[in-house]
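My entries follow in the order I made them.

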Amino acid sequence: GVKRMKLTIRWMAKGRQKRFYNDICRKFGISRYMSINHETPCEIKEEDLLLLRECEKRGFIQIRNK
């Protein structure tokens with residue numbers, strides 16, 4: 001089976017970057033739920049982790065291991 005990691009994503013995008021929110025959710029199969037703290041708990045496929053880290057480097061998200 002596919003190994004998944006439980007993570008919490010904090011959304012950093014402001015203003016015009018918000019359009020990336022839907023793209024990131026779609027790509028990684030992340031729920032569109034967002035807490036009042038701009039966080040979304042999710043399970044990410046291990047093979048997708050590098051790409052998710054690239055999104056973090058670009059400032060769209062912050063990955064938190066909660």
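Is Thr40 buried or exposed? I looked this up and found Thr40 buried, with a relative accessible area of 0%. Here buried means under 20% relative accessible area, exposed means over 50%, and partly exposed lies in between (1.4 Å probe, protein chains only). I note that this is a predicted model, in which local features need pLDDT of at least 70 and side-chain atom pairs count only at pLDDT 80 or more, while totals for chains, interfaces and linings use all residues. Residues are numbered from 1 along each chain as its sequence is written, and side-chain values use heavy atoms, with hydrogens and water left out.

**Entry: Thr40 and Glu39**

I placed Thr40 in strand β2. Helices (H or I, at least four residues) and strands (E, at least two) are DSSP runs, numbered from the N terminus. The side chain of Thr40 makes a polar contact with the side chain of Trp11, at 2.8 Å. A polar contact is a pair of N or O atoms within 3.5 Å; within protein, one must be able to donate a hydrogen and the other to accept it, and residues adjacent in sequence count only if both atoms are side-chain atoms. A polar atom of the Thr40 side chain also lies 2.7 Å from the backbone oxygen of Tyr33. Leaving aside neighbours within four places in sequence, I listed the contacts of Thr40 (heavy atoms within 4.5 Å). Among them are Leu7, Thr8, Ile9, Ile30 and Met34.

Strand β2 covers residues 39-45 and includes Glu39. I found Glu39 buried, at a relative accessible area of 9%. Its side chain makes a polar contact of 2.3 Å with the side chain of Arg64.

**Entry: the core**

Which residues touch the most other members of the largest nonpolar core? Of its 16 residues, they are Trp11, Ile24, Ile30, Ile44, Leu52 and Ile61. Such a core is a set of buried Ala, Val, Leu, Ile, Met, Phe, Trp, Tyr and Cys residues joined through side-chain atoms within 4.5 Å. Two or more residues come from each of β1 (4-11), α1 (19-28), β2, α2 (49-57) and β3 (61-64). Helix α1 gives the most, with 4 residues.

I then took Ile30 alone.

**Entry: aromatic pairs**

I counted 2 aromatic pairs. Rings of Phe, Tyr and Trp (its six-membered ring) pair if their centres lie within 6.5 Å; planes under 30 degrees apart count as stacked, over 60 as edge-to-face and the rest as tilted. The rings of Trp11 and Tyr21 have centres 4.7 Å apart and planes at 75°, so this pair is edge-to-face. Trp11 is in strand β1 and Tyr21 in helix α1, so the pair ties together parts that are 10 residues apart in sequence. Trp11 is buried at 5% relative accessibility, and Tyr21 is buried at 17%.

The rings of Phe20 and Phe60 have centres 4.5 Å apart and planes at 35°, so this pair is tilted. It links distant parts of the chain, with Phe20 in helix α1 and Phe60 in the loop between α2 and β3, 40 residues apart. Phe20 is partly exposed at 22%, whereas Phe60 is buried at 13%.

**Entry: helix α2**

Which residues of α2 are buried? I noted Leu49, Leu52 and Cys55. They cover an arc of only 110° around the axis (taken from the directions from the helix axis to the C-beta atoms), which puts them on the same side of α2. On the other side, Leu50 and Lys57 are exposed. The cover over the buried residues includes β1, α1, β2 and β3. After α2 comes Gly59, whose phi is positive, near 90°.

Leu51 also sits in α2, and at 41% relative accessibility it counts as partly exposed. Leaving out residues up to four places away in sequence, Leu51 touches Lys27 and Phe28.

**Entry: cysteines**

I looked for disulfides (a pair of cysteine sulfur atoms within 2.5 Å) and the count came to 0. For Cys25, the nearest cysteine sulfur is that of Cys42, 8.8 Å away. Cys25 is buried at 2% relative accessibility. For Cys55, the nearest cysteine sulfur is that of Cys25, 11 Å away.
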